[in-house]
Amino acid sequence: MAAAESSFKIILGSSSMARQRILAEMGYEFTIMTADIDEKSIRKEKPEDLVTALAEAKANAIMARLQHTDILKNVACPTLLITADTVVVYKGTIREKPCNKDEAREFIKGYSGGHAAVVGSVLVTNLNSGASKGGWESAEVYFHDIPNEVIDSLIDEGIPFKVAGGLMLEHPLTLPFVDAVIGATDTVMGLSKSLTEKLIEEALCQPGSSPRVQNMS
């Protein structure tokens, strides 16, 4: 369902360049709002529960902000809010964005010659009907040995601090050392195309109870 054919608007609740690029590749036009939540304050033991809770928290924060704006004023067509979250799981431990250079180096050295799982959630909220549909997908990434100089270059560029687990699969320095991806590459990059498309369809078709955002501006 390309943007030119769609009869709805999209707000992407993410500052991630990868998610923006993926959604644009899907043919959609969208506006961007960020949630600016304290992600560390939300903790779950299972990675799928954590990414689901974080996507919901981001949606709730953005909807609260929308109540005090004119973004939805006089908009006749449905507006969908898309939020997402991604974590890396390495040897059973959930990894989010590294906090410092030492942690980033530890993360990437661990992937060298090994593998990690990526778990990503997507939540699509119909702000008009109140319908909200979410889900998650996972993928496995296997790596060749990553040279120390490549790790140093990634850290010097600040790349690991922008992504869960310090893992930016599509970066030119990282890509040559990816041995295989089991699952969807876009899931690893932060937004599963197939899951997002499915949830958009469901959020548009499922009747909701009431609008999720009432303009208060």
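The exercises treat the nonpolar cores, the strand pairing, the backbone angles and the salt bridges in turn.

This is a predicted model, in which local features need pLDDT of at least 70, side-chain atom pairs count only at pLDDT 80 or more, and totals for chains, interfaces and linings use all residues. Residues are numbered from 1 along each chain as its sequence is written, and side-chain values use heavy atoms, with hydrogens and water left out.

**Exercise 1. Identify the residues that touch the most other members of the largest nonpolar core.**

Step 1. A nonpolar core is a set of buried Ala, Val, Leu, Ile, Met, Phe, Trp, Tyr and Cys residues joined through side-chain atoms within 4.5 Å. Buried means under 20% relative accessible area, exposed means over 50%, and partly exposed lies in between (1.4 Å probe, protein chains only).

Step 2. The largest such core has 24 residues, and Tyr-111, Val-141, Phe-143 and Ile-146 touch the most other members. At least two residues of this core come from each of strand 3 (79-90), helix 3 (101-111), strand 5 (115-126), strand 6 (132-143) and helix 4 (148-157). Helices (H or I, at least four residues) and strands (E, at least two) are DSSP runs, numbered from the N terminus.

Step 3. A further core of 18 residues lies apart from it, and its members include Phe-8, Leu-23, Leu-80 and Ile-200.

Step 4. In soluble globular proteins, nonpolar side chains tend to be buried together.

**Exercise 2. Describe how strand 6 pairs with strand 5 and with strand 7.**

Step 1. Two strands pair if DSSP finds at least two bridges between them.

Step 2. Strand 5 and strand 6 run antiparallel and are joined by 11 bridges. Within this pairing, Leu-123 has Gly-134 of strand 6 as its bridge partner. The two strands form a hairpin with five residues between them, and Gly-130 in the turn has a positive phi of about 90°.

Step 3. Strand 6 is also joined to strand 7 (residues 178-182) by four bridges, again in an antiparallel arrangement. Here Val-141 stands opposite Val-181 in strand 7.

**Exercise 3. State where Asp-36 and Lys-91 are located, and whether each is buried or exposed.**

Step 1. Most residues other than glycine have a negative phi, and most peptide bonds are trans.

Step 2. Asp-36 has a positive phi, near 55°. This residue lies in the loop between strand 2 (31-32) and helix 2 (47-66), and its relative accessibility of 66% makes it exposed.

Step 3. Lys-91 has a positive phi near 50°. The loop between strand 3 and strand 4 (93-95) contains Lys-91, which is exposed at 73% relative accessible area.

**Exercise 4. Determine which parts of the chain the salt bridge between Glu-170 and Arg-21 ties together.**

Step 1. A salt bridge is a side-chain nitrogen of Lys or Arg within 4 Å of a carboxyl oxygen of Asp or Glu. The whole structure holds seven of them.

Step 2. The N to O distance between Glu-170 and Arg-21 is 3.5 Å. Because Glu-170 is in the loop between helix 4 and strand 7 and Arg-21 is in helix 1 (residues 17-25), the pair ties together parts 149 residues apart in sequence.

Step 3. Glu-170 is partly exposed at 25% relative accessibility, and Arg-21 is partly exposed at 36%.

Step 4. Lys-193 and Glu-25 also form a salt bridge, at 3.0 Å, N to O. This pair links helix 6 (residues 193-205) with helix 1, 168 residues apart.
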